[in-house]
Structure formats: C-alpha cells, structure tokens
Amino acid sequence: MKSIFDNTKFGRFNLKSRIIRSGLWESENESQKNLTPKIFKRYEKFAKNNVGLIVTELISMYSHDRFSDYSHYINYPYFIKEFKQLTDTVHEFDTPIFAQIGFINCNVNGKQMMEVNDLTIEDIRKIQSDYVVAAKKVAFAGFDGIQLNVGNNYYLSRVMDPFENQRQDNYGGNTYNRVRMVIEIIKLIKQTTDLHVHCRVNLYQDENDSLEICKILAENGADSLQITKFLSPQYFRKGQSNENMLVDFASKVADSVQVPVVLGGGWSEMGSIQDLLNRTGIGFLSMYRSFVHDPCFLTKWKKDGHGQSKCRTCNNCYWKKSSVCLIEGNETY
Ligand code: SF4
C-alpha cells in the first residue's frame, strides 16, 4: 500500500514524500533577474515542509527566448553564485532539487525561429553543446538533477513530435530517430556531470508512439520521466478528459519502464492522490498551484491525515505570471 508520505527512492535520492513541486513564474518581474529574499524564503518553506523533490521554474536556455523575460536564464551572470546559495538552503533540509531547463524558439547560429525540419546538423550540434554548458552550470550551482523540458510545446518536444518532425535524415522518420537528438543530449550530460536526468515528456496524439518515446528515453539514460501533455485541445480524444487520458497513459508508461514515473497536473486532494497511487504503478505526483497557494500545505496534510488544497484553480496567478496567490495573497514571509 503506497502513501503520499512514504520515504521512497527516486533514483539515488531518498524522498520524504511522493509529491514533487513544479515551479513557474518565480521571477515575477521582467527587470529583476536575481534571486530575491522572497524566493529564498519560499524554497526554504518547501524544503522543510515534506515536499519530496523540488523542481525550479523554467530556467531558459537562451536570454532572448519567448519566456526569458519572465524566467531565469542560464547565462545570467550570477546564475551559479545565487543558485548555489539556493541549493545550499534546500539541502539543509535533506531535500533534493532539480533545475528545469528548456527553450521555445530556436534561434541558433545567427538564424531566427528555426523549424525542426530546417535544422542543419551544425544547428543540432550547437543546441546539444549549449545543453552541455547549461548542465555544467546547473551542476556547479549545486543542483542534484536537471529536468529537461522536452514536453508541452517546448522546442525539443516538437523535435520528437511525429507531425512536426518530417525530416528525412537520422533525426526524423521513425520514433528512435525523432528521439535521437534528445538521447544524445542525455548521454552528453551524463558524460560530463553526475546530474540525475529527469525528462518531462508529452502524451502526443498517437499514444503508442508516445509510449515508445518514453521507453526509448528510459532505456537510453533518462533517470526518471514526468508525463505531461501538449497544450493543444485538438490533441485530445473526444469523450475523455485530459486528466483521465494522462492517468491512463502515465500508468502504461509506469508499467513499461524501469525508472520512476511522475504524473503532472491537476491533483489537489489527498484521498484521491492516495487512491491514484494505489490503483496504478505511478509513483509520484507533481503539483504547482497548490504550492503557490500555500507552500506549507503538505505538513498540514501529514499532520491531519487528510486535506485538500484551497486553491480555486482560477489560474489568475498563471496568467499574471506570478508565484503568489492573487486571490488570497496568503504567502506570508
Ligand atoms: S491565484 Fe487562483 S490558481 Fe493561483 S493559487 Fe490563487 S486560487 Fe490558485
């Protein structure tokens, strides 16, 4: 029988719970790139309140990418210094922390908005070498792992997408070829750092192909997978909610791979999470808005033996690109 608060293994880490905190819009301010005292305090609260693993907001690979004005970016001059302080703070409470890395638009080698099918081999090598540099910075900053965001509509998710990727070379066509660029990145990261490599992967329209993508990643170096979705309604089949489709798919992935599988999105009640954990092979859940509403809610759940996030899922914080609840404003410091 699984419980949210099991002490459980995730790769080489011992987690205090099966809940993984995902971050978003923590920078909150276009001109303010450094880590503020408020952000340090927030992470300290996560780390001492029974979260299993912390994943940062997106750390953008490129300073000119679509969300880089609203997120941290890897080439920020004080990245290593400030994030090392942050990871040290979190580690004081024996909590592992991963950096989420990704990009949306491909502007490399002096070219703009490159489509997947137009990438040259030189462009692919440039992206891969940029990932190695990013991973080394992440390791120097004291992170335990790197979350490669190859899901949602991040660029590398489009590289693996059978509809988007119509390449005729070794980086297109069959499933393995579409995943090749990502598994080469994983191998390079593992050759140059000891980071745990966690991949955030989509359920695409073709479920069998998506399952194959997950298996290939897990067999070629990914240490864990988080299942997410492509953010487009036409990708979802009629008569089935997104959540049910994701549970169904994540459960199949968990039964097919030998690495931990995380399900992302939309869960907020302790009883239904426990039920999900026990009726599927899914071992971990990722949560975001519940932590925006109350960074300490897991400690209350653990003490009471039950609980439900009071977040109303209104998404105001999301649309305003804020990591503070805009309805209750209850993040106190
Ligand atoms: S603003 Fe809305 S979605 Fe965001 S934490 Fe508050 S209640 Fe939840």
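Modeller: Let us begin with Phe291, which has a relative accessible area of 2%. Buried means under 20% relative accessible area, exposed over 50%, and partly exposed in between, using a 1.4 Å probe and protein chains only. Phe291 therefore counts as buried.
This is a predicted model, in which local features need pLDDT of at least 70, side-chain atom pairs count only at pLDDT 80 or more, and totals for chains, interfaces and linings use all residues. Residues are numbered from 1 along each chain as its sequence is written, and side-chain values use heavy atoms, with hydrogens and water left out.

Biologist: How many aromatic pairs are there?
Modeller: Rings of Phe, Tyr and Trp (its six-membered ring) pair if their centres lie within 6.5 Å; planes under 30 degrees apart count as stacked, over 60 as edge-to-face and the rest as tilted. By this rule, the number of aromatic pairs is 17.

Biologist: Which kind of pair do the rings of Phe46 and Phe291 form?
Modeller: A pair of aromatic rings is described by the distance of the centres and the angle of the planes. For Phe46 and Phe291 the centres are 5.4 Å apart and the planes stand at 85°, so the pair is edge-to-face.

Biologist: Which helices hold Phe46 and Phe291, which are 245 residues apart?
Modeller: Helices here are DSSP runs (H or I, at least four residues), numbered from the N terminus. The pair links distant parts of the chain, with Phe46 in helix α1 (residues 37–47) and Phe291 in helix α9 (residues 289–293).

Biologist: Is Phe46 buried or exposed?
Modeller: The relative accessibility of Phe46 is 1%. On that value, Phe46 counts as buried.

Biologist: Over which ring does the charged end of Lys321 sit?
Modeller: A charge sits over a ring if NZ of Lys or CZ of Arg is within 6 Å of the ring centre and within 35 degrees of the ring normal. The charged end of Lys321 is 4.9 Å from the centre of the ring it sits over, which belongs to Tyr70.

Biologist: Which helix gives the most to the shell around the ligand?
Modeller: Both α9 and α11 (316–319) supply at least two residues each to that shell. The helix that gives the most, with three residues, is α9.

Biologist: Where is Asn244, and how far in space is Asn244 from Asp118?
Modeller: Asn244 belongs to helix α7 (residues 242–256). Asn244 and Asp118 are 126 residues apart in sequence, and their C-alpha to C-alpha distance in space is 36 Å.
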